Amino acid sequence: MRSATLVLLLGSVSILSVACGPKKSAPVLPASCDVPWITANQSSAGVVDVNLTAAETDWDPGTGVPIHGLAYNGIVPGPVIPITAGETLRVHFTNALSVEGTTVHWHGVRIAWAMDGVPGLTQDAILPGQTFVYQFTVPDPGFYWYHPHMQTAKDIERGLYGRIISRDPAEPVVDCDMPIALDDVLLGADGQVVAPSLPNRAHGNLGNLLLANGRIDTRVPISKGGHTLLRLVNAANARTFDLSIEGHSMRVVGTDQGWLPVPYTTDRLVMAGGERYEVLVDGTGEPGHEYRVISHSHLDDPMELDPLPGDRPIFTLVYDQQQKNEPVPSFPPPAIPAWTPGPVAHKYVLNDIMQANGGMISTIDGKSYPNVPMVMFSGAGEPVTLQIENDASGMHPMHFHGERLLVVARNGTTQLNPGWKDTVMVAPHETVTLMSMFDNPGSWMFHCHILEHAEDGMMAMFMAN
Ligand code: C2O
Ligand code: CU
Ligand code: CU
């Protein structure tokens with residue numbers, strides 16, 4: 001029944017992707033679990049050395065019209081950096097952009113503060129032609145990503161982001177371990193990135209072309225009776241992805257910072273900007289068949305206008321001819337403490353105020369960055385309880401740098417089996433209760449990961465010690 005509905009809805013596939021889609025004569029790409037991985041240049045025991053360069057790059061999203069954008073190491077998304085949890089990553093970074101200073105932020109990694117990539121706070125901007133060595137230990141298994149923390153909205157939109165997979169040595173080997181960055185990009189009639197106009201920008205820049213790993217035509221292999229692991233990150237400026245897979249359900253096995261203690265199965269997965277989910281797809285389909293992953297338009301704010309309303313394919317699962325009979329892999333469960341909320345150390349209150357010109361002022365605790373008072377979280381070895389209350393009309397995915405947190409309650413309802421998070425959706429009129437040890441010392445950023453909201457002031461600093 002569900003597939004019948006989908007066929008109907010997909011009749012209205014994006015005008016843009018039809019107009020500039022692959023030409024009929026173009027060969028269909030084979031499915032491949034291979035994505036470009038970075039090559040470590042001289043890993044010594046426990047240290048992974050890689051080179052990373054940001055530069056202006058023309059990249060083809062699969063429409064045949066290259067985007068004059070930006071990229072790490074010439075590809076969008078940037079190369080996947082693989083590491084084993086506990087190892088040290090040493091990134092020899094070069095800014096080869098012609099005019100802009102930049103920094104690299106390692107989203108979600110419980111990193112040493114000085115390596116967090118926040119200009120004016122943890123380091124100076126890396127100017128064009130300059131280099132910088134980022135060296136830090138990745139303490140936890142999980143799926144992370146990296147992106148600039150300067151001109152963030154503009155530069156991520158143009159292609160500057162990449163992924164990091166941190167593995168637990170105890171993880172099982174799956175048939176296909178596929179990191180996928182979900183994105184959308186707003187293109188003008190000439191196929192080039194355009195800035196959103198007001199008031200659309202105020203709700204976050206929604207794109208008019210959906211991308212998985214920088215392409216409209218990404219194909220992921222799967223075998224009947226086998227399992228494909230999708231490691232998903234929402235790298236879009238503002239779009240919340242709401243996904244389903246034709247004919248398949250999704251087994252959610254991990255979230256931002258590692259595996260879930262208790263996996264769950266769902267038909268729809270909603271993920272906001274900056275969030276990650278690991279999804280295991282059981283090969284219940286037919287050999288030789290294809291099943292599309294569908295992105296359902298999901299507006300976070302009633303005032304928002306989606307240039308891509310309805311349901312649209314974003315990538316495709318492609319069955320090979322094999323017939324396997326593999327048991328469901330299980331992933332090493334993390335140690336999640338059974339915390340019960342204590343006194344609330346701080347309650348953040350989010351709001352946004354529409355301006356007469358259609359612009360927006362986004363606030364935390366009644367102020368916009370940099371005027372939001374800094375909050376100190378000091379647990380002294382005990383978990384700290386905090387809350388985020390959203391008084392705004394839209395959802396805000398709030399991201400904490402440097403730490404990991406558990407969502408313990410939403411509107412007072414206890415959340416069972418949470419996993420470690422660093423980016424947390426807070427719906428309008430919702431109050432989320434979070435707990436964290438806040439044991440990674442530093443003065444860190446806390447901001448909305450709808451990048452336009454962060455630019456409009458929904459950003460703050462907190463201290464942990
Ligand atoms: Cu992914 Cu401060 O951001
Ligand atoms: Cu971050
Ligand atoms: Cu926001």
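Over which residues does pLDDT stay under 50? That stretch is residues 1-25, for which the model has 30 contacts beyond four places in sequence. Here pLDDT is the predictor's confidence in each residue, from 0 to 100, and contact means heavy atoms within 4.5 Å. The protein as a whole has a mean pLDDT of 91, and 93% of its residues reach 70 or more.

This is a predicted model, in which local features need pLDDT of at least 70 and side-chain atom pairs count only at pLDDT 80 or more, while totals for chains, interfaces and linings use all residues. Residues are numbered from 1 along each chain as its sequence is written, chains are lettered from A and ligands numbered from 1 in the order in which they are written, and side-chain values use heavy atoms, with hydrogens and water left out.

**Copper sites**

Donors are N, O and S atoms within 2.8 Å of the metal (3.2 Å for Na, K and Ca); water is not among the atoms, so sites may look incomplete.

| Ion | Donors | Distance |
|---|---|---|
| copper ion (ligand 2) | His105 (NE2), His399 (NE2) | 1.9 Å |
| copper ion (ligand 3) | His396 (ND1), Cys448 (SG), His453 (ND1) | 1.9 to 2.1 Å |

The copper ion (ligand 2) is coordinated by His105 and His399. Because His105 sits in strand E5 (residues 105-107) and His399 in strand E24 (residues 396-400), the pair ties together parts that are 294 residues apart in sequence. Strands (E, at least two residues) and helices (H or I, at least four) are DSSP runs, numbered from the N terminus.

Cys448 is buried at 0% relative accessibility, and His453 is buried at 4%.

**A sheet and a buried aspartate**

Strand E5 also belongs to an open sheet of 4 strands, in the order E3-E8-E7-E5, with mixed pairing. Its edge strands are E3 (78-84) and E5, each pairing on one side only. Two strands pair if DSSP finds at least two bridges between them. E3 and strand E8 (residues 162-167) run parallel, joined by 5 bridges; Pro82 has Ile165 in E8 as its bridge partner.

Asp49 lies in strand E1 (residues 47-59) and is buried, with a relative accessible area of 0%. Its side chain makes polar contacts with those of Arg90, at 2.9 Å, and His92, at 2.6 Å. A polar contact is a pair of N or O atoms within 3.5 Å; within protein, one must be able to donate a hydrogen and the other to accept it, and residues adjacent in sequence count only if both atoms are side-chain atoms.

Methods: Buried < 20%, exposed > 50% of the residue type's maximum accessible area, 1.4 Å probe, protein only.
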